[in-house]
Amino acid sequence: MDLPEPLHDFLLVFLGSCLVLGSLGVVFFTNPIFSAFSLGLVLVCISLFYILSNSHFVAAAQLLIYVGAINVLILFAVMFMNGSEYHQDSHLFTVGGGITLMVCTSIFVSLITTIPDTSWYGLIWTTRPNQIIEQDLISTSQQIGVHLSTDFFLPFELISIILLAALIGAIVVARQ
Amino acid sequence: MMLEDGLVLSAYLFSIGIYGLITSRNMVRALMCLELILNAVNINFVTFSDFFDSRQLKGNIFSIFVIAIAAAEAAIGPAIVSSIYRNRKSTRINQSNLLNN
């Protein structure tokens, strides 16, 4: 999105801090309802991040499907299955938790140190020149529609079959 | 830079999702952490698609496929969890040994 530079940076820092705090809340809140709402905050922030990176269709799909469907479904699941369980669920540190924390921190640190070392700008000149031929007169949503109906047609249909099978399976499992 | 910010954010979401998925004892919370991991994958797809492939946008299409798979998973997961909860009266992960007996 073509915003002025300070506004863009401010939005990026704001969304990043919301993402960091919200995902910490998803993992570390003791009440699952609070962590489900925190997940909703994270998903909304990710959708705004997609808008910042020029992908409006994916942002709309994220907002509709993740926030509107998946998060509401998870909230229903939490509300159906609440018990007096979260009092025992307080995070007392065990050996497994410490090992997991160490492993995840090492994954994160190795990724963080790898990302600035890679020369992304060397890659961009190898991919840019053959895209000049492509037409760029239509908007991005039209581009996605054209791709979905021409060269990604078979995966699109397979996705619909998978969704149908998953919904029927969910009804069969949850019924009784 | 937009690319590296997106990659760092997605690395953060991925690692904290892995941590929550392994250490959580509640099944619904494990599902939430799984959503976090899928969102990290989506952020990677969209960021690379915006940066390297801004004419063709194939990364956006793959992220839409990932969103559809996540929707299917989020329909199946709570159904299984509620079925386990009906039999066991509990959603703790370490008590779900229904295949055992």
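H3(A) and H2(B) are roughly antiparallel to each other, a label used for angles over 145 degrees. In this predicted model, local features need pLDDT of at least 70 and side-chain atom pairs count only at pLDDT 80 or more, whereas totals for chains, interfaces and linings use all residues. Residues are numbered from 1 along each chain as its sequence is written, chains are lettered from A in the order in which they are written, and side-chain values use heavy atoms, without hydrogens and water.

**Helix packing**
- Helix H3 (residues 56–80) of chain A packs against helix H2 (residues 27–52) of chain B at an angle of about 170 degrees, with their axes 11 Å apart; axes are lines fitted to C-alpha atoms over the stretch in contact, and angles run from 0 to 180 degrees between N-to-C directions.
- Among the residues that meet are Tyr66(A) and Ile70(A) in H3(A), and Leu38(B) and Asn39(B) in H2(B), where contact means heavy atoms within 4.5 Å.

**Asn60(B)**
- Asn60(B) lies in helix H3 (residues 58–88) of chain B and is buried, with a relative accessible area of 1% (buried means under 20%, with a 1.4 Å probe and protein chains only).
- Beyond its neighbours within four places in sequence, Asn60(B) contacts Ser55(A), Val58(A), Ile144(A), Val46(B) and Ser49(B).

**Annotated stretches of chain B**
- An unreviewed UniProt entry lists residues 6–23, 30–49 and 61–85 of chain B as "transmembrane region", and such annotations may be inferred rather than shown by experiment.
- Residues 30–49 of chain B are 100% helix, with end C-alpha atoms 29 Å apart.

Note on methods:
Helix = DSSP H or I, 4+ residues; strand = E, 2+ residues; numbered from the N terminus. Buried < 20%, exposed > 50% of the residue type's maximum accessible area, 1.4 Å probe, protein only. Parallel < 35°, antiparallel > 145°, perpendicular 65-115°, else oblique.
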